[in-house]
Amino acid sequence: MDNLKENLDKILQNIKEKASKSGWAAEEITLVAVTKTVGIEEIKEAIALGIRDIGENKVQEALAKYSNIKEKVNWHLIGHLQTNKVKPAVRIFDLIHSVDTWKLAQEIDRQARRQNKIQKILVEINLSGEVSKYGCPKEEAFSLIRDITKLTNTRLLGLMTMAPLTDNQGLVRGVFRQLKDLSIKINDQHFNNVEMKYLSMGMTGDFEIALEEGANILRIGTGIFGERKVK
Ligand SMILES: *Cc1c(COP(=O)(O)O)cnc(C)c1O
C-alpha cells in the first residue's frame, strides 16, 4: 500500500505554498480525495488522517462505500450523472459537480424536492473540446444557468472543469483561466439563487496550476492513494 500519510502531507504542503498566490488561505481550499477504485479500509485511513471530502465518479460505487463509512464526511459526485441515477445521487451526495444539461438539472431538482433537500450543484463546463464527452459548452453556459435559476430545490454554487490530458502546461492553464473568467462573468450577472463560490478544477497532474488560477476545490486521487488499478 502506498504511504498515505506521506502523500497527503506532501499535497497539503503544496496547497499551503500555492494557495497564497491566488489569495486563498490554505483552509479555504477544499481537498476532495478521489476514492474511485479505492477500498473502504484505505478510505477510512484517509479519513483518520483528516480527509473530510470524498469524491466518487460513479453513483453505484459510491453507494456501496457510503453505507460502510459512518464518519461524517462530505460526498462529492465528480463524474457524469445519468438521469436514472439521480435519485440515489441526491440521497447521498452533498455536492454534485457534473451538472451539464437542463434535463439533468430538472431531474435533480425533482428528486431533491421529493427528498425534501436543497441539492448543491456545480455546472461542469467543457473547455477542452473533444477531450471530454461531458460538460456544458461554454457558449451554452449562460442559458443553462439562467434556466437553473428557476429551480426551487437546487442551489448552484460554482463551476467545474477537467483540463485536457496534455503535457502542455500553457494549454492547461488557459483552460483554468477560462473557467475563472467565466465564473466572474456569471457573478457579474447577479443571477437569482446563484453564487459563484466554488471553482472545482485541478487533479493530481495539474492542481498546482489550478491553484494559481484560482481553484478552491481540488479533486485528487492518485496523488493521495497511488496509481489506480485499471478497472
Ligand atoms: C479520477 C478523477 C479525478 C482525480 O484524478 P487523479 O489524476 O487521480 O488525481 C479528478 N476529477 C475527476 C472528474 C475524476 O474522474
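Figure 1. An oxygen atom of the ligand sits 2.8 Å from an N or O atom in the side chain of Arg228. The protein takes up 91% of the 390 Å² of accessible area that the ligand has on its own (Shrake-Rupley method, 1.4 Å probe; for residues, only the protein chains shown count as cover). Arg219 brings a polar side-chain atom to 2.9 Å from a ligand nitrogen atom, and Thr222 uses a backbone N or O atom, 2.8 Å from a ligand oxygen atom. Who else is around the ligand? The surrounding residues include Val34, Lys36, Ile78, Met162, Met203, Thr204, Ile220 and Gly221 (a residue is near a molecule if one of its heavy atoms lies within 4 Å of it).

A word on the model: this one is predicted, with local features needing pLDDT of at least 70 and side-chain atom pairs counting only at pLDDT 80 or more, while totals for chains, interfaces and linings use all residues. Residues are numbered from 1 along each chain as its sequence is written, and side-chain values use heavy atoms, with hydrogens and water left out.

Figure 2. His97 belongs to strand E4 (helices, H or I with at least four residues, and strands, E with at least two, are DSSP runs numbered from the N terminus). Is His97 buried or exposed? With a relative accessible area of 0%, His97 is buried (buried is under 20%, exposed over 50%, partly exposed in between, with a 1.4 Å probe and protein chains only). The His97 side chain makes a polar contact of 2.9 Å with the side chain of His76, and another of 2.9 Å with that of Ser200 (a polar contact is a pair of N or O atoms within 3.5 Å; within protein, one must be able to donate a hydrogen and the other to accept it, and residues adjacent in sequence count only if both atoms are side-chain atoms). Setting aside neighbours within four places in sequence, His97 also has contacts with Leu77, Ile78, Leu122, Val123, Glu124, Met160, Ile217 and Arg219, among others (contact: heavy atoms within 4.5 Å).

Figure 3. H5 runs over residues 102-114, and at 1.5 Å a residue its 13 residues should span 18 Å; the end C-alpha atoms are 18 Å apart, so the two agree (the expected span is 1.5 Å times one less than the number of residues). Which H5 residues are buried? They are Leu104, Ala105, Glu107, Ile108, Asp109, Gln111 and Ala112. The buried residues of H5 pack against helices H4 (86-92) and H6 (141-148), plus strands E4 (95-99), E5 (119-126) and E7 (154-160). Just past the helix, Asn116 adopts a positive phi of about 60°.

**Figure 4. Asp206 in its loop.** Asp206 lies between strand E8 (194-200) and helix H8 (207-212). Its relative accessible area is 11%, so Asp206 is buried. Apart from neighbours within four places in sequence, Asp206 is in contact with Ala163, Val172 and Phe176. Pro164 is 42 residues from Asp206 in sequence, with 10.0 Å between their C-alpha atoms.

**Figure 5. The whole chain, for context.** The chain has nine helices and nine strands. Its radius of gyration is 17 Å, close to the 17 Å from the globule rule for 231 residues, so the chain is as compact as a globular protein of that length (taken over C-alpha atoms; the rule is 2.2 Å times the number of residues to the power 0.38). Buried residues make up 51% of the 231.
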